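Please open the structure in your viewer and keep the selection panel at hand. The tour below goes from one selection to the next and says what can be found at each stop.

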Amino acid sequence: MFKLAAETEDDWWEVEALYDLCFAPGREALSSYRLRDDISPVPHLSMAARDPEGILAGAIRYWPVRIGDLSVLLLGPVAVHPTHQGEGLGGFLIRESLEVARDLGWERAMLVGDAPYYNRFGFEKLNGVIMPPPTNPERVLGYELIKGAWGGITGEVNRVA
Ligand SMILES: CC(C)(COP(=O)(O)OP(=O)(O)OC[C@H]1O[C@@H](n2cnc3c(N)ncnc32)[C@H](O)[C@@H]1OP(=O)(O)O)[C@@H](O)C(=O)NCCC(=O)NCCS
């Protein structure tokens, strides 16, 4: 029902409008955005899902971040248009993009989000991985694209540049 494709430059503002609709006002004030400012999302991993009429129904983006010298994928924002929520599209976007990330050679992904939603995909709380404040540590979650990729990793999450 939905066609998934890598986000293009032409999609950018439409995806921004979807995020504005789906998130509370002021989303860009969130601390995770300080890791994204002036840095491009990861090519090929940011995806847009359109319905058969070509209308944008959901989108996911990823940014590169680092912990010390380690490269990490920061998942988000992900959002699904309210008229399509609960149809499995969020899960589809997350699972498909994580598969692409694995194929591209990424080893670990993280996000700031609701554990009850992301646990189902295999995300688990990251102990000792510190996002810029203010971030609730309970919401800092990680996913291993290769087994053991988060083992023993602690420290501050920083911008890549
Ligand atoms: C979160 C979001 C992307 C999920 O997309 P979706 O297509 O509705 O999700 P799916 O259809 O794959 O999954 C729906 C299930 O997730 C649950 N769910 C959705 N958001 C949840 C949350 N924040 N916490 C716990 N469960 C959640 C639903 O209750 C539903 O549960 P069920 O399968 O037991 O019925 C979408 O609701 C959305 O865009 N929300 C607003 C923006 C947002 O909060 N983004 C995430 C930022 S962390």
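A nonpolar core, as the term is used here, is a set of buried Ala, Val, Leu, Ile, Met, Phe, Trp, Tyr and Cys residues joined through C-beta atoms within 7 Å, and a residue counts as buried if 20 or more other C-beta atoms lie within 10 Å of its own. Please keep in mind throughout that this is a predicted model.

**The core**

Begin by selecting Ala59, Leu73, Leu74, Leu75, Ala109, Met110 and Leu111, which, of the 41 residues in the largest nonpolar core, touch the most other members. The elements that give two or more residues to this core are helix H1 (12-22), strand S2 (47-50), S3, S4, H2, strand S5 (108-112) and strand S8 (140-144). Now pick out leucine 75, which, when neighbours within four places in sequence are left aside, is in contact with Tyr62, Ala109, Met110 and Leu111.

**Strand S5**

Select S5 next, where five of the five residues are buried, so this strand is largely enclosed by the rest of the structure. Turning the view shows that both faces of S5 are covered, with Arg108, Met110 and Val112 buried on one side and Ala109 and Leu111 buried on the other.

Move on to strand S3 (residues 56-67), which is mostly covered, since nine of its twelve residues are buried.

- With S2, S3 runs antiparallel and is joined by four bridges; alanine 48 stands opposite alanine 59 in S3. These two strands form a hairpin with five residues between them, and glycine 54 in the turn has a positive phi of about 90°.
- With S4, S3 again runs antiparallel, here joined by nine bridges, and isoleucine 60 has valine 78 as its bridge partner in S4. This hairpin has two residues between its strands, and glycine 68 in the turn has a positive phi of about 60°.
- With strand S9 (residues 155-159), S3 is joined by three bridges, and the two run antiparallel.

**Arginine 66**

**Around the ligand**

Now select the ligand and the 16 residues around it, of which Ala79, Gln85, Gly90, Gly91 and Gly113 come nearest. Strand S4 (70-80), helix H2 (89-103) and helix H3 (115-118) are the elements that give two or more residues to this shell. Colouring the shell by class will show eight nonpolar, six polar and two charged residues.

**The annotated span**

Finally, select residues 2-146, which an unreviewed UniProt entry annotates as "domain: N-acetyltransferase". The end C-alpha atoms of this span lie 28 Å apart, and the span is 21% helix and 31% strand.

Terms used: Residues are numbered from 1 along each chain as its sequence is written. This is a predicted model: local features need pLDDT of at least 70, side-chain atom pairs count only at pLDDT 80 or more; totals for chains, interfaces and linings use all residues. A residue is near a molecule or strand if its C-beta atom, placed from the backbone, lies within 6 Å of it. Ala, Val, Leu, Ile, Met, Phe, Trp, Tyr, Cys and Pro count as nonpolar, Asp, Glu, Lys and Arg as charged, and the others, Gly among them, as polar. UniProt positions are given in the numbering used here, feature names are shortened, and annotations may be inferred rather than shown by experiment. Two residues are in contact if their C-beta atoms, placed from the backbone, lie within 7 Å. Two strands pair if DSSP finds at least two bridges between them.
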